[in-house]
Each structure stands twice: as C-alpha cells, then as structure tokens.
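Here's a quick tour of a structure you can follow on screen. Keep the viewer open and click along.

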Amino acid sequence: MTAEALPEHPDFLWRNPDPKRSYDVVIVGAGGHGLATAYYLAKNHGITNVAVLEKGWLAGGNMARNTTIIRSNYLWDESAAIYEHALKLWEGLPEELDYDFLFSQRGVLNLAHTLQDVREGVRRVNANRLNGVDAEWLEPDEVAKVCPILNVSSRTRYPVLGATFQPRAGIAKHDHVAWALARRADELGVDLIQGCEVTGFLKDGDRVVGVDTNRGRIHAGRVGLAAAGHSSVLAERAGVRLPVQSHPLQALVSELHEPVHPTVVMSNHVHVYVSQAHKGELVMGAGVDSYNGYGQRGSFHVIEQQMAAAVELFPIFARAHVLRTWGGIVDVTPDASPIIGSTPVAGLYVNCGWGTGGFKATPAAGWTFAHTVATGEPHPLNAPFALDRFTTGALIDEHGAAAVAH
Amino acid sequence: MLLITCPWCGPRNETEYHYGGQAHVPYPESPADLTDEQWAEFVFYRDNPKGPFAERWMHSIGCRRWFNVLRDTATHEVLTSYRLDEPRPGGNR
Ligand SMILES: Cc1cc2nc3c(=O)[nH]c(=O)nc-3n(C[C@H](O)[C@H](O)[C@H](O)COP(=O)(O)OP(=O)(O)OC[C@H]3O[C@@H](n4cnc5c(N)ncnc54)[C@H](O)[C@@H]3O)c2cc1C
Ligand SMILES: [Zn+2]
C-alpha cells in the first residue's frame with residue numbers, strides 16, 4: 001500500500017443562489033443524505049425544482065465528522081438489502097459522478113472477543129452469504145494475515161477469537177463524496193442553500209405546504225427531512241413525534257504515519273474502530289456517550305477507553321499522538337435501524353435514525369428517500385423501515401451488526 | 001466529563017453512574033386497556049429536547065440508588081438532582 005495523493009478540486013462545485021419563494025420539493029439538511037436525495041430526485045425522477053436547505057454549511061454536520069466506514073454486513077434481510085444496494089451504488093458512483101472520492105475497498109474485520117461474539121459473527125456471516133453479501137469467518141491466524149499489526153495473541157485481556165471479514169467494505173473521503181453529489185445536483189438544477197435554518201412549518205390543514213426559515217418563508221409541494229441528530233427537534237415543530245434519542249458520538253485522528261494499517265478493524269466488545277486515512281492519519285471511533293446531548297462534544301472517559309482498547313489491539317500505536325478529537329450528534333432509534341418514509345402529516349417525509357452508521361448508506365438513503373418523496377410511496381427497499389414498525393412490532397433489531405455501543 | 005451530585009453521596013464524576021433515560025415515565029395504570037399506539041408510545045417514544053431534560057441516573061459504583069437529574073442537553077450543564085419521590089423542580093416543562 002502506498003500513500004495516495006488527494007484528488008484535485010474542480011474550481012466551482014455549485015452555485016450559491018438565494019432561495020426562491022416556492023419549490024416542488026424542499027429537503028431540510030445538506031448532509032450526504034440530503035444531497036443524495038436531491039441528486040436522485042433529479043436523476044431518477046426528473047424532479048429538479050428542488051431546494052436543499054442547510055442551517056450551517058454544506059455537509060458540515062455528521063457528514064464531515066464520521067469515520068467513513070462503508071460496509072453492508074448487517075444481519076437481517078431488510079438491512080442487508082438496503083446496505084448492499086448502497087455498496088453497489090458506491091462501486092459505480094465515482095465514475096457516475098466523475099469525481100474520485102477515493103473509495104477504497106480495503107475490507108473490514110469485525111472482531112470477536114467472547115464466545116457469544118464468535119457465535120454472533122458466524123451467524124452473521126451465514127446470513128450475509130444467504131443475502132449475497134460477501135462475508136467470511138476468519139480464525140485468529142487468518143485475521144493476522146489480513147491485518148499484521150493486530151495483536152492476536154491469546155494473552156491480551158480480551159483476546160481476538162476470530163473475526164468476520166467483508167472484503168468489499170472500505171472507506172471513502174466523506175467531504176469529497178458530499179462535494180461530488182452537490183456538484184451534480186447543482187448541475188441538474190437543484191438549489192443548494194447554505195445558512196438557511198428551518199424554524200417552522202407551514203400547514204394547510206393536515207398537509208405541509210412549506211417551511212419558515214431565517215431567510216424567509218419558502219413554499220413547497222413536499223418536504224423531506226434529512227437532519228440527522230436534529231430530526232426529532234425539527235419534526236416536533238411539524239407536530240410529529242419520532243422515537244429517536246440524540247447522543248454525542250466522538251471520533252479522533254492521530255498525526256500522519258506511514259501506511260501501516262491495510263484494512264478497517266472494528267471491535268464491538270472492547271469498543272474501538274480503526275482505519276488509516278489516505279493521507280496517513282489513524283482514524284478512530286468509539287461508542288456513543290450514554291446520555292442525550294446536542295453539545296457536539298462528549299466525555300473524555302469514552303476517549304480514554306477507546307484509546308486503551310486501541311493500544312491493546314495495536315501495540316504499534318502506543319506512541320502515536322492524538323491530533324484532534326470531535327463529536328457529532330447522532331439520532332438513535334430503539335432497534336438501531338433508520339426510519340425512512342411518510343409521517344402522519346401529509347407531504348412531510350422523514351429520513352432519520354441512522355444513528356452511528358448512516359454514512360455507508362448515503363447513496364441508498366438518497367435513492368429510496370427520493371423515491372418516497374417523488375411518488376408518495378415507499379420503495380421496496382425502505383418499506384420495512386417505516387415509522388409504524390414501532391406500533392406493529394415489526395422491528396429490525398440491528399444492535400449487534402450496528403457494531404457501535406448504544 | 002459531567003459532575004453529577006448524588007442526593008446521598010454528593011458530587012461525583014459521571015463515570016460512577018449509569019444513565020437510565022427519561023425520568024417521570026409512569027407505567028400505564030391499566031395496561032390491558034392500552035391500544036397498540038399507546039403501547040408503542042410507552043415502550044419506544046421518549047422526549048428528546050434540546051434544553052432542560054429530566055433524566056434518571058444510578059450511582060452504580062457508589063450507593064447504587066436511582067435518582068433524577070435535571071440537565072441541559074444543549075450546554076451539558078447539570079442543573080440539579082433530586083430523589084425519585086420528589087417532583088421535577090420548576091414544574092414539568
Ligand atoms: C463521530 C462519528 C463517526 C461516524 N462514523 C460512521 C462510519 O464510520 N460509517 C458510517 O456509515 N456512519 C458513520 N457515522 C454516522 C453518519 O455520519 C450519519 O449517520 C450520517 O452522516 C447522517 O446523515 P447526513 O449525512 O445527512 O447527516 P448530516 O451530515 O449531519 O446532515 C444533517 C444536516 O442537517 C442540518 N440541519 C439540522 N437541522 C436543520 C434545520 N433546522 N434547518 C436546516 N438544516 C438543518 C445540519 O446542519 C446537517 O448539516 C458517524 C457519525 C459520527 C458523528
Ligand atoms: Zn450515591
């Protein structure tokens with residue numbers, strides 16, 4: 001593996017128009033999901049009179065804060081279908097968008113440290129294969145071949161007893177993904193409007209007909225929410241209650257190193273996940289802070305625990321310096337699966353609850369949400385992820401495969 | 001790290017506690033009469049405010065007792081803590 005140069009930026013990526021008075025569709029939130037939704041609304045459905053409203057700057061939310069891991073090795077059929085659809089889209093997206101965002105299929109190892117982890121891992125490998133998702137079960141010596149710097153000795157506190165391996169998984173440059181989608185959406189006629197916070201909703205009876213913003217009132221035929229950590233705060237203003245809880249989730253990077261880490265390693269049990277960015281930083285994530293919070297920072301003991309786990313698994317990192325830590329706000333659902341679909345308010349649609357794992361889903365989230373907003377009906381891939389599953393009881397419990405403690 | 005005051009043991013670091021989610025969520029008075037919607041509400045729906053939030057914490061490596069905390073989820077400020085049999089300070093909202 002050699003360090004790769006970053007792609008050159010084109011000069012202009014998108015216009016910065018003032019909001020028009022009215023659009024066919026308004027999407028709230030210009031993260032990866034909002035941008036992908038706008039792109040597929042235009043590309044797949046020919047709906048181009050669209051605005052994406054962003055209170056901060058384009059893709060400055062969780063899109064800029066995540067650890068960029070992309071994989072589709074989820075347990076249940078519904079999840080495997082939507083995440084694998086995303087992975088297949090990722091595989092064609094750099095060419096389709098004509099933008100090299102360094103999608104690198106270097107594989108992911110999900111480590112097992114207990115007998116229960118081993119059983120869960122083997123079960124998931126079998127489930128993945130039945131769903132056409134590439135997956136292997138590796139014994140500790142095979143794990144060491146994939147990632148030689150990993151300590152697979154039996155003498156650690158929580159020894160590596162094996163791992164699931166998905167070779168097609170990987171990482172991508174998140175900012176570049178957002179810019180690539182933004183450029184294409186803009187070219188197709190979508191207005192990307194930054195510094196525009198949605199503060200309320202216009203309603204005509206039970207139907208939403210627009211939004212109030214700090215840049216004036218904007219009428220809309222349909223409104224789609226893609227506001228990640230703030231989805232419940234926003235939906236409440238439209239009179240919709242969502243079963244999500246917002247939690248801080250932290251990540252950090254080291255200074256630059258020579259290429260040493262060839263894959264992505266995740267551990268649910270000792271709780272750290274590590275990859276090496278193209279430039280050379282070690283990128284590490286942890287579990288969510290237990291409490292609800294919107295402060296975009298979390299607790300130091302979470303970082304301490306994550307570092308302790310990283311050093312035990314990767315003794316070679318013991319003297320690496322932490323350069324930066326940061327937090328994002330993620331919206332977590334009771335079954336650790338997203339909500340994509342209609343709401344009790346006509347014309348108002350929601351894409352939320354991706355919690356700690358929505359980056360990997362970006363293209364499929366956009367694809368299915370665009371379909372739902374354009375047609376008023378769920379796509380077969382997002383139909384199981386409707387809000388009413390919390391009433392019917394048809395939950396999609398992915399706490400295990402979500403691989404992040406929450 | 002949060003500094004949280006246990007009503008019995010005094011101020012201790014967050015790491016001594018376990019988080020228990022929203023406070024003041026009573027078990028339904030007549031469970032057999034609940035609709036599916038009401039059950040969903042009780043089991044899965046909790047408030048998620050950006051601002052003051054009444055929540056439960058347990059002093060897991062201290063006295064092991066549950067109590068309530070009023071905390072601002074936007075600023076992380078711990079406003080006050082109180083016993084389970086005490087009402088939420090300042091009323092409900
Ligand atoms: C530290 C961390 C690590 C993560 N690691 C991974 C990972 O490795 N792999 C993975 O798959 N996922 C990961 N995730 C999760 C992933 O980042 C999110 O699930 C995903 O980014 C959510 O969708 P989004 O990109 O649209 O959200 P965001 O980028 O957060 O977009 C939401 C946007 O809505 C805007 N907004 C909110 N309210 C309003 C309003 N009222 N008006 C206008 N705009 C508004 C926000 O400013 C924001 O830009 C991680 C998250 C964090 C925080
Ligand atoms: Zn105590």
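The model is predicted, with pLDDT of at least 70 needed for local features and 80 or more for side-chain atom pairs, while totals for chains, interfaces and linings use all residues. Residues count from 1 along each chain as its sequence is written, chains are lettered from A and ligands numbered from 1 in the order in which they are written, and side-chain values use heavy atoms, leaving out hydrogens and water.

**Around ligand 1**

Of the 36 residues around ligand 1, the ones that come nearest are E54(A), N62(A), M63(A), T67(A) and K360(A); a residue is near if one of its heavy atoms lies within 4 Å.

| Backbone polar atom of | Distance to an oxygen atom of ligand 1 |
|---|---|
| M63(A) | 2.8 Å |
| G357(A) | 3.1 Å |

Taken alone, ligand 1 exposes 1000 Å², and the protein buries 96% of that. Those areas come from the Shrake-Rupley method with a 1.4 Å probe; for residues, only the protein chains shown count as cover. In chain A, the elements giving two or more residues to the shell are helix 1 (32-45), strand 12 (245-256) and strand 16 (322-332). Strand 12 of chain A gives the most, with 3 residues. Helices (H or I, at least four residues) and strands (E, at least two) are DSSP runs, numbered from the N terminus.

**Helix 8 of chain A**

Next, look at residues 362-375. Helix 8 of chain A has 14 residues and should span 20 Å at 1.5 Å a residue, and its end C-alpha atoms are 20 Å apart, so the two agree. The expected span is 1.5 Å times one less than the number of residues. This helix is mostly covered, with 10 of its 14 residues buried, where buried means under 20% relative accessible area, exposed over 50%, and partly exposed in between (1.4 Å probe, protein chains only).

T372(A) sits in helix 8 of chain A and counts as buried because its relative accessibility is 2%. Its side chain reaches the backbone oxygen of T368(A) at 2.9 Å. Leaving aside neighbours within four places in sequence, T372(A) is in contact (heavy atoms within 4.5 Å) with G341(A), Y349(A), E377(A), P378(A), H379(A) and N382(A). Just after the helix, G376(A) takes a positive phi of about 75°.

A59(A) is not a glycine, yet has a positive phi of about 60°. At 5% relative accessibility, A59(A) is buried. H24(B), also not a glycine, has a positive phi of about 60°, but at 39% relative accessibility H24(B) is partly exposed.

**Chain B**

Chain B has 1 helix and 6 strands, running β-β-β-α-β-β-β along the sequence. Buried residues make up 39% of its 93 residues.

Notes. A polar contact is a pair of N or O atoms within 3.5 Å; within protein, one must be able to donate a hydrogen and the other to accept it, and residues adjacent in sequence count only if both atoms are side-chain atoms.
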